[in-house]
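Colleague: I'm new to this one. Could you walk me through how to read it?

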Amino acid sequence: RVRILKGRGKSGSAGGSPLQHMRALEVSKVAWAYAKVGHVDEGLFAAISERLQQLARLRKEGRLLAPAISRSLWAFAMLGQHDEQLFRVLNSRAQDNLHSLQPRDVASILWALASANLGGAEQLVQSLLEKASQQVSGYTPQQLSQVVWAYATLQRGLFDMGPAAGETAHA
């Protein structure tokens, strides 16, 4: 039950929650599972956000495993839980872990950033797009379509790329 995952300790903090005993990958799997079935529980996602941010601060140099980052961003974006603080922290950790991101991670993170449309991730987006273009043969057709969709969605929002095809520039 959700109540069990969101349980509070005597002090009112999340210390009594089973989430407090989970590693980042486990927490991200909880978020992913809720997103996969389309169940929004804002209290649970607030607790998940709090735990992921806590783990990001505790881990050596704030590093989280790439799958935990991509799953968490995907889950929050999928359910419309656009937690700006969490996205900032996870974006930073994704940039730190760029070398370890697999194609599925790159595609999921780009999809999440395009879906959430929060801004502030320009450097990460550029790095992810460069990584994808350098390793395109390692991507499945679905992952490539996610990357292309994200790029198309983000190019007008994050990058001023000038007028789209068919538009004229106005001086």
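Modeller: Let's start with Gln143, which sits in helix 8; helices here are DSSP runs of H or I with at least four residues, numbered from the N terminus. This is a predicted model, where local features need pLDDT of at least 70, side-chain atom pairs count only at pLDDT 80 or more, and totals for chains, interfaces and linings use all residues. Residues are numbered from 1 along each chain as its sequence is written, and side-chain values use heavy atoms, leaving out hydrogens and water.

Colleague: Is Gln143 buried or exposed?

Modeller: Buried means under 20% relative accessible area, exposed over 50%, and partly exposed in between, using a 1.4 Å probe and protein chains only. Gln143 has 14% relative accessibility, so it counts as buried.

Colleague: What does Gln143 touch?

Modeller: A contact means heavy atoms within 4.5 Å. Leaving aside residues up to four places away in sequence, Gln143 touches Pro103, Arg104, Ala107 and Gly138.

Colleague: How do I check the length of helix 6?

Modeller: The expected span is 1.5 Å times one less than the number of residues. For the 14 residues of helix 6 that gives 20 Å, and the end C-alpha atoms are 20 Å apart, so the two agree. Just after helix 6, Asn117 has a positive phi of about 50 degrees.

Colleague: Which residues line the largest pocket?

Modeller: On a 1 Å grid over the protein atoms alone, a pocket is an open set of points with protein on both sides within 12 Å along at least five of seven lines, and lining residues have an atom within 4 Å of a point. Here the lining includes Trp32, Trp74, Arg104, Asp105 and Gln143. Helix 4 gives the most, with four residues.

Colleague: Where is Asp83?

Modeller: Asp83 lies in the loop between helix 4 and helix 5. With a relative accessible area of 23%, Asp83 is partly exposed.

Colleague: Which side chain makes a polar contact with the side chain of Asp83?

Modeller: A polar contact pairs N or O atoms within 3.5 Å; within protein, one must be able to donate a hydrogen and the other to accept it, and residues adjacent in sequence count only if both atoms are side-chain atoms. For Asp83 the partner is the side chain of Ser49, at 2.6 Å. Asp83 also touches Gln53 and Phe76.

How values were computed. On a 1 Å grid over the protein atoms alone, a cavity is a set of points where a 1.4 Å probe fits but cannot get out, and a pocket is an open set with protein on both sides within 12 Å along at least five of seven lines; lining residues have an atom within 4 Å of a point. Helices (H or I, at least four residues) and strands (E, at least two) are DSSP runs, numbered from the N terminus.
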